[in-house]
Protein chains: 2
Amino acid sequence: MRLLVVEDESRLAAALQRGLQAEGFAVDVAATGPAGLDAARHGGYDAMILDVMLPGLSGYEVVRRLRAEEHWLPVLMLSAKDGEYDQADGLDCGADDYLTKPFSYVVLLARLRALLRRGAPERPTVLAVGDLTLDPARRRVTRADAEVDLTAREFALLDYLMRRPGEVVSKTELLDHVWDAGMDTAPNVVEVYVGYLRRKIGRERLETVRGAGYRLAT
Amino acid sequence: MRLLVVEDESRLAAALQRGLQAEGFAVDVAATGPAGLDAARHGGYDAMILDVMLPGLSGYEVVRRLRAEEHWLPVLMLSAKDGEYDQADGLDCGADDYLTKPFSYVVLLARLRALLRRGAPERPTVLAVGDLTLDPARRRVTRADAEVDLTAREFALLDYLMRRPGEVVSKTELLDHVWDAGMDTAPNVVEVYVGYLRRKIGRERLETVRGAGYRLAT
DNA sequence: CGGCGTCCTCAGCGCCCTCTCAGCCTCGAT
DNA sequence: ATCGAGGCTGAGAGGGCGCTGAGGACGCCG
């Protein structure tokens with residue numbers, strides 16, 4: 001499970017990161033509104049913990065923009081204020097849950113788990129890496145807002161790669177997951193389909209790591 | 001803001017009442033279907049939270065009757081079931097939103113606020129995608145304001161697709177939901193009925209996504 | 001009983017996708 | 001510079017997938 005923490009008080013951010021990592025989450029931290037928004041857009045996170053008071057862009061605004069762009073990442077908002085209005089505002093913007101500071105770490109964890117269990121709100125997540133987006137439900141892929149037409153196999157391959165952006169994925173792993181495991185297909189198919197994909201999404205977006213596999217450029 | 005909660009489990013009803021009152025709502029509670037229907041008819045409420053399982057009259061029936069009498073009060077339905085059919089049924093009857101138990105209180109609040117913000121539903125629930133409209137209650141379909149004559153099966157298929165516009169729906173999913181699950185009908189029926197539908201609603205509105213399913217063009 | 005409408009099966013057909021193969025290119029080591 | 005392994009790609013075969021027309025089964029109505 002990958003989490004994104006957007007919090008500008010560095011001590012709190014570090015504490016959250018340490019605590020959540022101890023629970024087995026992979027945690028990235030952003031310290032400003034714009035940085036958080038950017039990370040959320042491109043990151044493939046399972047949930048986001050978002051402070052309201054942020055430099056650059058308020059937490060409210062971050063969620064609002066995310067939702068406007070059809071990103072349905074679960075968002076847990078944190079705020080120092082405790083008026084009812086703030087809470088309503090946060091939820092109105094599209095946050096999924098709300099916690100007021102100071103909060104107990106245990107409560108945070110409980111709410112977070114509930115959020116993750118519930119999964120993404122309403123719509124399935126749209127994967128986004130760079131200017132590529134992939135919508136599993138709609139089976140649509142866009143590159144710089146232009147729709148890209150993919151066959152089933154190409155789509156499955158890109159889907160798998162986009163869930164691990166920046167990581168090197170080996171050919172055998174792709175064979176196991178994108179092609180039927182157990183099928184004795186020649187490993188060359190992967191190369192062939194990587195070729196097809198490159199022609200459609202842009203050659204430079206899919207790097208070859210000689211002897212290791214392929215990597216989707218972030 | 002005045003709310004009506006119709007719920008027969010008294011502990012849940014009391015909890016909702018207390019919680020919502022703390023948010024500044026005026027909350028009345030009814031414990032049976034008939035009592036709820038009566039209160040909704042005469043009450044001047046801004047919204048209604050309605051359980052499905054009720055003594056006397058089911059939640060479905062309550063909404064159906066309200067709508068039949070031209071009361072357009074926003075209704076948020078609660079149900080312990082979570083099958084897609086139930087959800088579709090609830091929305092078919094004229095409910096405006098739907099929540100399955102167990103639900104988080106925060107989510108309830110968020111949905112409720114969204115409902116109130118949206119205001120009373122202008123019209124009975126009619127699905128619309130592009131120039132297609134489908135009225136579940138009247139069993140009517142129009143295409144560019146011209147009525148389209150569909151058989152029961154064709155209607156059910158279009159109904160299912162119009163609830164997920166733009167998404168790819170697989171053949172097996174259609175078989176499970178539009179045809180009776182468990183029936184071992186040949187998957188080819190889907191293709192056949194897609195063919196029929198295309199002739200009636202326009203070929204280009206129903207795309208084939210090879211290897212994945214069908215998609216209703218938005 | 002015969003006509004009608006709906007639902008479903010079946011078989012044939014056409015096309016797009018998938019995968020294989022062989023030859024060529026690229027990279028890195030020596 | 002040379003060589004080998006790994007990676008790339010164009011061509012093409014085949015088969016799977018989806019579409020369609022024909023027709024049988026069934027229920028409903030006159």
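**View 1. B:Arg198 lies in helix α8 of chain B.** Helices are DSSP runs (H or I, at least four residues), numbered from the N terminus. This is a predicted model in which local features need pLDDT of at least 70 and side-chain atom pairs count only at pLDDT 80 or more, while totals for chains, interfaces and linings use all residues. Residues are numbered from 1 along each chain as its sequence is written, chains are lettered from A and ligands numbered from 1 in the order in which they are written, and side-chain values use heavy atoms, with hydrogens and water left out.

**View 2. Surroundings of B:Arg198 within chain B.** B:Arg198 is buried (under 20% relative accessible area, 1.4 Å probe, protein chains only). B:Arg198 has no salt bridge (a side-chain nitrogen of Lys or Arg within 4 Å of a carboxyl oxygen of Asp or Glu); B:Glu207, the nearest side chain of opposite charge, is 8.4 Å away. Residues touched by B:Arg198 (heavy atoms within 4.5 Å), not counting those up to four places away in sequence, include B:Arg203, B:Leu206 and B:Tyr214.

**View 3. The protein surface near DNA strand D.** Helix α8(A) gives the largest share, 6 residues.

**View 4. Side chains facing DNA strand D.** For B:Arg199, the distance to a phosphate oxygen is 3.2 Å. The side chain of A:Asn188 has an N or O atom 3.4 Å from a base oxygen.

Methods: A residue is near a molecule or strand if one of its heavy atoms lies within 4 Å of it. A polar contact is a pair of N or O atoms within 3.5 Å; within protein, one must be able to donate a hydrogen and the other to accept it, and residues adjacent in sequence count only if both atoms are side-chain atoms. Helices (H or I, at least four residues) and strands (E, at least two) are DSSP runs, numbered from the N terminus. Buried means under 20% relative accessible area, exposed over 50%, partly exposed in between (1.4 Å probe, protein chains only). Lys and Arg count as positive and Asp and Glu as negative; His and the chain ends are not counted.
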